[in-house]
Amino acid sequence: MLENSIVMVTIILVINIVYVSFFTIRMILTLKGQRYLAALISTVEVVIYVVGLGLVLDNLDQIQNLIAYALGYGIGVIVGMKIEEKLALGYITVNVITAEDDRNLPKVLREKGYGVTNWLAQGLEGNRQSMQILTPRKHELRLYQTIKEIDPKAFIIVYEAKSIHGGFWVKAVKKGKLGD
């Protein structure tokens, strides 16, 4: 009896971790405009959901099954987020404000393959250099590291770019030619 209970709890836990991970990934794909892949994942997701929920509903007298279901849901959210971090889908726009006299930063970033648009700006403490940089999310941490190595006091703001169009840089990025 105890072995069947442990097996049932384990199955419910794993099913819900997988279900919620799929759910999280599907939502992200939907937000990124990947509708066909999101639809495919949702087909698998709903089958997993029905099986897992069915196991819990068929055994409502076993509180450990409900606890496993809830615990699996929470773990699934974390697993789904970790998977999304590894996939790093999409692009980000990074706005950087740095001291005006640090004109080397745009050059270094361009040499590494980033698309950089820069201009002079005026801040509370005087002249500044402002930059707008577009990069795939998978290069986000490397970009931050490069910026902080050159100017540890740089002010950085990041936005998610929903779509991009035009410019010389877009073709290179889509072909995977962003330098290291």
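This is a predicted model: local features need pLDDT of at least 70, side-chain atom pairs count only at pLDDT 80 or more; totals for chains, interfaces and linings use all residues.

Visitor: How many helices and strands does the secondary structure come to?

Guide: There are 6 helices and 4 strands, and from the N terminus on they run α-α-α-β-α-β-β-α-β-α. Helices (H or I, at least four residues) and strands (E, at least two) are DSSP runs, numbered from the N terminus.

Visitor: What makes Tyr-19 and Phe-23 an aromatic pair, and of which kind?

Guide: Rings of Phe, Tyr and Trp (its six-membered ring) pair if their centres lie within 6.5 Å; planes under 30 degrees apart count as stacked, over 60 as edge-to-face and the rest as tilted. By this rule the count comes to 3 aromatic pairs. For Tyr-19 and Phe-23 the centres are 6.4 Å apart and the planes at 45°, and the pair is tilted. The two residues are 4 apart in helix H1 (residues 2-31), so about one helical turn separates them.

Visitor: Why is the pair of Tyr-19 and Tyr-49 called tilted?

Guide: Their ring centres are 5.0 Å apart and their planes stand at 40°, so this pair is tilted. Because Tyr-19 lies in helix H1 and Tyr-49 in helix H2 (residues 35-58), the pair ties together parts that are 30 residues apart in sequence. Tyr-19, Phe-23, Tyr-49 and Tyr-73 form one aromatic cluster.

Visitor: How do you know that Arg-26 is buried, and which residues does Arg-26 touch?

Guide: Arg-26, which lies in helix H1, has a relative accessible area of 17% and is therefore buried. Contact means heavy atoms within 4.5 Å. Not counting residues up to four places away in sequence, Arg-26 touches Ala-38, Ile-41, Ser-42 and Glu-45. Arg-26 and Ser-42 are 16 residues apart in sequence and 6.5 Å apart in space, C-alpha to C-alpha.

Visitor: Why are the buried residues of H5 said to lie on the same side?

Guide: In helix H5 (residues 140-150), Glu-140, Leu-143, Tyr-144, Thr-146 and Ile-147 are buried. They cover an arc of only 165° around the axis, which puts them on the same side of H5; the arc is that of the directions from the helix axis to the C-beta atoms. On the other side of H5, Leu-141 and Glu-149 are exposed. The buried residues pack against strand E1 (91-99), helix H4 (104-111), strand E3 (126-136) and strand E4 (155-161).

Visitor: What makes a set of residues a nonpolar core?

Guide: Such a core is a set of buried Ala, Val, Leu, Ile, Met, Phe, Trp, Tyr and Cys residues joined through side-chain atoms within 4.5 Å. The largest one has 13 residues, and among those with the most contacts inside it are Leu-143 and Ile-147. E1, H4, E3 and H5 each supply at least two residues of this core.

Key
Residues are numbered from 1 along each chain as its sequence is written. Side-chain values use heavy atoms; hydrogens and water are left out. Buried means under 20% relative accessible area, exposed over 50%, partly exposed in between (1.4 Å probe, protein chains only).
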